[in-house]
Structure formats: C-alpha cells, structure tokens
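Me: I am new to this structure. Could you take me through it, one feature at a time?

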Amino acid sequence: MPTERITFPGHDGNQLAARLDLPDGPVLATALFAHCFTCSKDIPAARRIAARLSAMGIAVLRFDFTGLGHSEGEFGNTTFTSNVQDLIAAAQYLATRRMAPALLIGHSLGGAAVLRARAGIPSVKGVVTLGAPADPGHVSHHFDAALPEIEAEGSAEVCLAGRPFRIGRDFVHDISGAALKPAIAELNTALLVLHAPLDDTVSIDNAAEIFLAAKHPKSFVTLDDADHLITRAVDAEYAADVIAAWAARYVDLTPPAPPPGAPEGIVRVSEADPGGFRQDVQSGPDHHAVADEPLSYGGTDQGMSPYGFVAAGLGACTSMTIRMYARRKGWSLDNVSVDVSHNKVHAQDADSAASGKIDRFTRRIHLQGALTADQQKRLLEIADKCPVHRTLEASSQVETILDRIKEPA
C-alpha cells in the first residue's frame with residue numbers, strides 16, 4: 001500500500017508524526033486510528049488493520065500521540081483529554097486534505113479516546129473500539145504502586161512494557177474524572193465493539209458496559225482468543241475484515257463512476273493507478289471494466305490482465321459463433337462454455353513457420369445438449385471461423401480441444 005509520512009500540529013502545537021496509508025485505487029473513505037496507552041502508530045495491530053482497510057479502499061491515518069513514538073512533546077505533560085484533542089487535530093488536518101474521517105478506530109485507551117472525541121468530529125459515521133476500557137481510569141492499575149509518589153511529587157517515572165515513562169499528576173486526575181458513559185450515550189453514530197473474551201489486560205466486562213451505554217445502531221463482535229495487543233496477524237486481519245464489512249452499512253464505499261463513455265466503437269483505456277498498473281477500460285458509452293496485473297507482477301489484482309482480456313475475447317467470440325450456428329440449424333445445444341489458456345511456446349513445438357517463440361491459445365470447448373457426433377464435429381469446425389480466432393491466427397497459433405459428450409441413444 002502507498003504510505004505517506006506526514007506531520008501535523010497537535011493540541012499544543014507540537015508536531016505529531018503520522019502515517020497515511022492509502023489505497024492503490026481511489027479513496028472511498030478515510031479512517032482515523034488511535035493507538036493504545038504508551039504504544040505507537042507502528043504497533044503490528046495498527047499496521048495490519050491499516051493495510052487491510054487500505055486494500056478495501058479505506059485510507060487510514062495513524063499517528064503518535066504527543067510525547068510518544070516520533071511525535072514532539074513531553075508524555076509526562078499529557079492527559080487523556082489532550083489525547084482526545086490530538087485526535088480532533090488529526091481530523092482537522094484530514095479535513096484540509098478533503099479527507100475528513102468517516103470512521104474512528106481506537107485500540108485500548110485509544111478506544112476510550114475515540115468515544116470521547118466523536119463529539120468534536122462531525123464527519124464521523126461510525127466508531128470502532130478494540131479492547132477498550134469503559135473507564136479511562138482503568139489504565140491506572142499499570143502504575144498503582146507509583147500513585148502515592150505521583151500525588152506527592154507531581155510525577156513519577158514508571159516502567160510500562162519494559163520502558164520508562166513519566167506519569168504526571170494531571171494525567172492521573174484526568175483519567176479518574178473522565179467518565180465515558182455520558183459520551184457513549186450521546187455518540188449519535190453507529191458503534192462497533194470488538195473485544196476478546198480472554199483479554200487479561202482489559203476484561204470483557206468493559207465491552208459489555210460500553211455496549212449497554214450506547215444507543216442503536218450498535219454491534220458487538222468477539223475476537224475469540226486474540227490477545228489484548230492483537231499481535232497475531234490472523235486476528236488483526238479478521239478485525240479489519242469485520243470493520244470493513246460493518247462500515248459498508250454506514251459509510252458510502254461506492255467506487256467513483258468510470259471515466260466518461262468512449263464513443264461507440266472505441267475502447268478507451270485510462271490509467272487509474274499511476275503507482276501500479278490498474279486501468280479503467282471503457283468500451284463505448286455503456287460498458288466499463290478494470291484491467292490490472294497480478295500481485296506477483298507489481299499489480300493489485302483488481303481486474304483481468306491484458307492477456308486475460310485477449311483470452312476472454314477469444315472465448316466469448318468462440319461461444320457466440322457456436323451458438324449462432326447451432327441456433328440457425330435448430331440443433332439441441334443447451335449450453336456452451338469455453339476455457340482458454342495462454343502460453344508462449346517455441347515455434348518449432350507449435351509446427352509454425354515463425355522463428356523464436358509464438359503465442360499459443362488453447363481452447364477447451366464444453367458443449368451440453370442432445371448433439372450427435374457429426375453435429376459436435378461441425379460445431380468444432382465452426383469454432384475456427386470465429387472472427388477473433390482469425391485475427392489471432394495471423395500471428396498466433398490457436399489450438400482447440402473439444403470435450404465430447406455422449407451421442408444420444
């Protein structure tokens with residue numbers, strides 16, 4: 001996925017480091033992701049969920065809160081409220097790029113933050129929490145032993161996840177008084193709660209409290225045996241799949257209209273992804289398709305390859321030609337399908353006068369119906385008369401294989 005490294009001013013003017021993960025094709029919607037307490041924008045869960053959502057057309061902005069990761073500022077001077085203000089600042093930055101967020105996604109304490117921030121971000125159509133506490137004060141259990149020192153001295157250094165952090169008195173007081181239930185009740189948007197029953201950092205009871213405090217529309221989905229940090233790739237991808245499917249009910253994920261119709265008789269191919277190979281194909285004023293290359297060739301596999309279209313043209317023309325002849329003859333042909341494969345072979349292997357390699361298209365024709373052996377043979381001969389076949393034969397060899405059916409008794 002294309003990723004932009006950007007900075008924007010946070011709640012107090014410090015520059016916050018962020019990554020904007022973009023789809024390979026058009027941006028259908030934008031999500032704002034808030035990470036967990038003392039984590040960063042680059043935790044595996046954030047990266048994997050952002051990658052999955054961007055593949056579905058949803059751009060994702062993930063950033064480091066003030067004083068964390070690569071962002072400026074002192075973590076010791078931040079509070080839960082300042083985190084909420086950073087989220088609103090991030091949404092305002094996205095709005096300046098005409099990408100105002102339709103989704104807020106928050107993990108752990110970040111989930112509590114998006115629930116509070118929703119009121120300050122009017123563009124939001126849906127809020128998602130992952131392993132979020134119903135009470136921000138829940139995080140204080142990480143540094144219970146240091147609370148007396150923090151209260152007496154104004155701050156204290158604590159060890160969290162193996163790293164030192166300075167926790168200030170303002171932070172402790174802020175999370176203690178940050179009741180979330182009124183904000184959840186007044187969310188005024190769709191809510192999706194994701195939580196693992198075996199989460200030993202934030203218990204599943206928190207998900208129940210959030211869910212019960214919210215008004216409809218609201219949904220709960222279990223993350224089964226995922227851990228709190230959603231470290232396994234399969235769990236993060238599952239969460240992203242659920243988020244994308246759920247969001248489609250509340251956020252318009254309709255791709256933009258294809259380019260203006262080409263004149264009748266003209267096939268117009270327009271580049272849709274300068275960073276990859278995706279193409280918009282417009283045939284006349286009414287028909288649109290997408291061409292692309294497989295992932296292994298640097299594409300995004302959102303449409304058939306160019307050779308796939310050539311093979312499709314041969315298969316379609318073959319089927320149409322057979323049907324036209326059988327209809328004219330009044331034969332009992334119930335159905336026809338054509339499998340086409342393409343390969344490059346040495347000219348001598350194909351018994352061709354050309355030198356080097358040539359293209360070989362192999363057709364396997366499937367006929368259904370009460371057809372005699374003579375009728376099948378004639379339809380096979382007619383297949384070689386299809387116009388696309390004749391066009392390709394000028395420089396390519398077309399090999400045709402008939403799957404015979406039993407002659408009616």
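Me: How many bridges join β3 to strand β5?
Reply: First, keep in mind that this is a predicted model. Four bridges join β3 to β5, which spans residues 103–107, and the two strands run parallel.

Me: In which sense do β3 and strand β4 pair?
Reply: They pair in the parallel sense, over five bridges. β4 covers residues 58–63. Here, Ala59 of β4 is the bridge partner of Thr30.

Me: How many residues of strand β3 are buried?
Reply: Start with the general idea. Side chains in a regular strand alternate between the two faces of the sheet. Now the case here. β3 runs from residue 29 to 34, and six of its six residues are buried. Ala29, Ala31 and Phe33 lie on one side. Thr30, Leu32 and Ala34 lie on the other. Both faces are covered.

Me: Is Ser82 buried or exposed?
Reply: Read the relative accessible area. Under 20% counts as buried. Ser82 has 5%, so Ser82 is buried. Ser82 is found in helix α2, residues 80–96.

Me: Which backbone oxygen does the side chain of Ser82 reach?
Reply: That of Thr79, at 2.8 Å.

Me: Is Ala213 buried or exposed?
Reply: Apply the cut-off again. Ala213 has a relative accessible area of 18%, so Ala213 is buried too. Ala213 lies in helix α7, residues 205–213.

Me: Which residues does Ala213 touch?
Reply: Leave out residues up to four places away in sequence. Ala213 then touches Lys181, Ile184 and Ala185. For a separation along the chain, take Gly313, 100 residues from Ala213. The C-alpha atoms of Ala213 and Gly313 are separated by 57 Å.

Me: How many cavities of 30 Å³ or more are there?
Reply: A cavity is a space where a probe fits but cannot get out. The count here comes to two cavities of 30 Å³ or more. The largest cavity has a volume of about 80 Å³. Its lining has 14 residues, and the closest to its centre are Cys36, Phe37, Phe65, Asn83 and Leu109.

Me: Which helix gives the most to the lining of the largest cavity?
Reply: Helix α3, residues 109–117, with three residues.

Conventions
Residues numbered from 1 in each chain as written. Predicted model: local features only at pLDDT ≥ 70, side-chain atom pairs only at ≥ 80, totals over all residues. Heavy atoms only, no water. Buried < 20%, exposed > 50% of the residue type's maximum accessible area, 1.4 Å probe, protein only. Polar contact = N/O pair within 3.5 Å; in protein donor to acceptor, adjacent residues only side chain to side chain. Pairing = 2+ DSSP bridges. Contact = heavy atoms within 4.5 Å. 1 Å grid on protein atoms, 1.4 Å probe; cavity = no way out; pocket = protein on both sides within 12 Å on 5 of 7 lines; lining within 4 Å. Points joined across faces, edges and corners; volume = space filled by probe spheres on them.
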